[in-house]
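Open the model in your viewer and keep the sequence panel beside it. This tour goes stop by stop: select, look, move on.

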Amino acid sequence: MSVETQGLQLRTLIKRSGELELSLVDVPTPEPGPDEVVVRIEAAPINPSDLGLLVGAADLSTLQASGTKARPVITAKVPEAGMRAMAGRLDESLPIGNEGAGTVVKTGSSEAAKALMGRTVAAIGGAMYSQYRCLKISECLPMPAGTTAAEGASCFVNPLTSLGMTETMRREGHTALVHTAAASNLGQMLNKICLKDGIPLVNIVRSAAQAEILRGIGATYIVDSTSPTFMDELIAALVETGATIAFDAIGGGKLAGQILNAMEAAINKSGKHPYSRYGSSVHKQVYIYGGLDTRPTEITRGFGMTWSVGGWLLFPFLMKIGRADTERLRQRVVDELKTTFASHYTKVVSLTEALDPANLAVYAKRATGEKFLIDPHKDK
């Protein structure tokens, strides 16, 4: 397979004038170093973590399209309040795409690099919304024979995040966990892990339709946050499971505080801990790892003094656990790629189609069941 000297790459730019600009640019294909390979990217998912960089704090209701069919340009206004949060990236054109997969079409001189020639590899390293990427071999995960790029495209962020949650649970001495936005692609993976590993999991969803998705894959504990009896149902599920750690993708609003209060109520209902005016001595932990709700996080304290709310991100977690344990988690992903960690997409788009306002309006909503995959070579 020939390697072109340059390829298209999707870029995002926020100008000091308060405008977001999305465009496609030609970038040269680098020569690989000894321990590097050039990958022809054939599939790259649009994850919520990618959207944070792609559109930033832009108001998408102000979106406008210009340019040509082959080189579309999307612009949108960034509100003044949002500009403060974007200060670190102003006037800097940035590539996007945390992960992807494709075929190795050129290698460096090392034997380890040469061994990947022609192989389908999944990769993580940023700038994956590109036709070609030069990557270190350590950033590549060779796929088993017969695995397509689409099957391997999402084998880093969601699978390792879901495994990281159960790993964190064990390391911090908990025996069951809670997950919000639980019918997402990641949430479904987490359910499959917990079912396989015998971990009680309380799923918090936001609609009856999302609850049905989880019932379809065998989830046991499902609570709808829009139900008028939500808190009673959540407490009951926590009494049964004993969950004292939660991973919250919502972030804003009252949900994190509601989970902590429900955990305390469930602990008290269990009758296993003596009364204290300072609350139970059982540590209750909520990790916020997403921001589907951009409002402030509201914590109404009714759960004593033994609790924590903090942030959780995949890559700092992997650095913390070290290379050996990271490799153990990565190997599990490879072993269960077509079962536990299978991803499903609602639409495959090209780089130009990713900048179609109609498509952008759908995937930027981050709605459950609407996961897009970019094939940078689809137009060819």
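Where is the place of Asp-91? Select Asp-91: the residue lies in the loop between H2 and E6. Helices (H or I, at least four residues) and strands (E, at least two) are DSSP runs, numbered from the N terminus.

Before going on, note that this is a predicted model, in which local features need pLDDT of at least 70, side-chain atom pairs count only at pLDDT 80 or more, and totals for chains, interfaces and linings use all residues. Residues are numbered from 1 along each chain as its sequence is written, and side-chain values use heavy atoms, with hydrogens and water left out.

**Stop 1**

Most residues other than glycine have a negative phi. Asp-91 counts as partly exposed, because its relative accessibility is 45%. The cut-offs are under 20% relative accessible area for buried, over 50% for exposed, and partly exposed in between (1.4 Å probe, protein chains only).

Now select Leu-90, in the loop between helix H2 (80-85) and strand E6 (94-95). Leu-90 has 16% relative accessibility and so counts as buried. Show its contacts (heavy atoms within 4.5 Å). Leaving out residues up to four places away in sequence, Leu-90 touches Ile-14, Lys-15, Arg-16 and Met-83.

**Stop 2**

Select Ala-181, in the loop between strand E11 (177-180) and H6. Here too phi is positive in a residue other than glycine, near 50 degrees. Ala-181 is buried, with a relative accessible area of 8%.

Next, show H5 and H6. Their axes come within 9 Å and cross at roughly 45 degrees. Axes are lines fitted to C-alpha atoms, for helices over the stretch in contact, and angles run from 0 to 180 degrees between N-to-C directions. H5 is therefore oblique to H6. Angles under 35 degrees count as roughly parallel, over 145 as roughly antiparallel, 65 to 115 as roughly perpendicular and the rest as oblique. On the H5 side, the contact residues include Leu-163, Met-165 and Arg-170; on the H6 side, they include Met-189, Ile-193 and Asp-197.

**Stop 3: H11 and its cover**

Select helix H11 (residues 323-335). Its 13 residues reach 18 Å from first C-alpha to last, close to the 18 Å expected at 1.5 Å a residue. That expected span is 1.5 Å times one less than the number of residues. Colour Thr-326, Leu-329, Arg-330, Arg-332, Val-333 and Val-334: these are buried. Their cover includes strand E10 (140-142), helix H5 (157-171), helix H6 (185-197) and helix H10 (314-321).

Bring up H10. The axes of H10 and H11 come within 6 Å and cross at roughly 120 degrees, which means that H10 is oblique to H11. Phe-317, Leu-318 and Ile-321 of H10 meet Arg-323, Asp-325, Thr-326 and Leu-329 of H11.

**Stop 4: H8 and H9**

Finish with helix H8 (residues 230-241) and helix H9 (residues 255-270), whose axes come within 8 Å and cross at roughly 55 degrees. H8 and H9 are therefore oblique to each other. Show side chains: Phe-230, Leu-234 and Leu-238 are among the H8 residues in the contact, and Ile-259, Ala-262 and Lys-269 are among those of H9.
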